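Please look over the sequence and the fold displayed here before reading the report that follows.

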Amino acid sequence: MKAVKVTLREKKISDGRKSLYLDFYPAIPNADTGKETRREFLGLYILERPRTEVEKQTNKETKILAENIRAQRQLSIQSGNFGFFEQKKQNVDFLAFFRDCIEDRKGSNQSNWLSAYKYLEEFTEGQCKMTDITEDFLEEFKEFLLDQDLAINSCVSYYNKIAAAVKEAFHKKHLTQNPALRVKGIKPEDTQREFLTLEEVQLLVDTDCDPPSLKQAAVFAILTGLRWSDIQNLTWGQIQYTESSGYFIRFTQQKTKGKETLPIPDDAVKLLGEAKANDAMILPDMKYSAWNNLKLKQWIMQAGISKEITFHCFRHTFATLQLTLGTDIYTLKDLLGHKAIKNTQIYGKIVDQKKVDAANRIKLKM
């Protein structure tokens, strides 16, 4: 076999960081996959432009560690040992892996992953290898979350993010088993799903909003039941029309990755204005941000609505209005793109409560 040279290299990634990796030339056999490879990412990161002395020192120490690994790999290869990949997988930094998982997420869900990371980092004191991820580790992390000043459903969300990352690490063979499968998650509390009545929807339609694109997106969500992430990524080419079926959308749900064909009303399309090129976004100015959340709250208040409304409440509004106006729950399941009917039945409980409230409106002096 031709002599292999191992070189330490850097790759720019997000947030002003660089990922350190080893370059093998020529390629070497990967004992874990059975295929030849040119690269080994080390799970080590440095800042592209360190500003403080602490950041500069951290960069220096990380590079020294990476250089030591490079030297070890060079010696292993020279002695004919290529079995270090499996060992390396077991020693990957789980916190670094979790940060990579965060980078793969976009939109509002990314903020939940960032919050989960904050508590994970505090729990582990910044040190956590793949080999640390056990059933006991996950049980202790659950207890740690429940001891914090957090709502139960926030604990549920943050633990689920960790469990999802553990599952992903298992699929990528960083873990030989998935301990999260044998650990019960945190039981969520029943929460009230806020929604708007038909009268309140009309108030919003009649109230000006700054920016107008926010109002377009909100009313479009109420008319179609689409999530923010799906509306944000929707292009004009995905809105189609036939004489027999009217308007419909072909798209892939951002949350579930399910491929959907969703019929939508004419009013939803008219709301968007003049059609543009197929690859143009229907609402190009819509981005998830704290500024848009603030503008949404202001618009809700100006319409005279006192409820705590988030953008996702417009999807709840669509579901609740559909059931109230007579749509059966199985049709609603398909309109919402739910995989399981149990997710849709939550809205049935809301409508049942509305019936109870209506029955109790008649008051007589007995």
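Which residue of strand 6 is the bridge partner of Phe251? The partner is Glu260. This is a predicted model, in which local features need pLDDT of at least 70 and side-chain atom pairs count only at pLDDT 80 or more, while totals for chains, interfaces and linings use all residues. Residues are numbered from 1 along each chain as its sequence is written, and side-chain values use heavy atoms, with hydrogens and water left out.

**The sheet**

Strand 5 (residues 246-252) pairs with strand 6 in the antiparallel sense over 5 bridges, where two strands are said to pair if DSSP finds at least two bridges between them. Helices (H or I, at least four residues) and strands (E, at least two) are DSSP runs, numbered from the N terminus. The pairing belongs to an open sheet of 3 strands with antiparallel pairing and the order 4-5-6. Strand 4 (239-242) and strand 6 (259-263) are the edge strands, each of which pairs on one side only. From one strand to the next, the twist averages 30°, with axes taken as lines fitted to C-alpha atoms (for helices over the stretch in contact) and angles running from 0 to 180 degrees between N-to-C directions.

**Helix 12**

Helix 12 (residues 313-324) has 12 residues and reaches 16 Å from its first C-alpha to its last, which is close to the 16 Å expected at 1.5 Å a residue; the expected span is 1.5 Å times one less than the number of residues. The helix is mostly covered, with 10 of its 12 residues buried, where buried means under 20% relative accessible area, exposed over 50%, and partly exposed in between (1.4 Å probe, protein chains only). Among the buried residues of helix 12 are Cys313, Arg315, His316 and Leu323.

**Backbone details**

Glu125, although not a glycine, has a positive phi of about 55°, and Glu125 is placed in the loop between helix 4 (108-124) and helix 5 (135-147). Why does Glu125 count as exposed? Glu125 counts as exposed because its relative accessibility is 71%. Just after helix 12, Gly326 takes a positive phi of about 110°.
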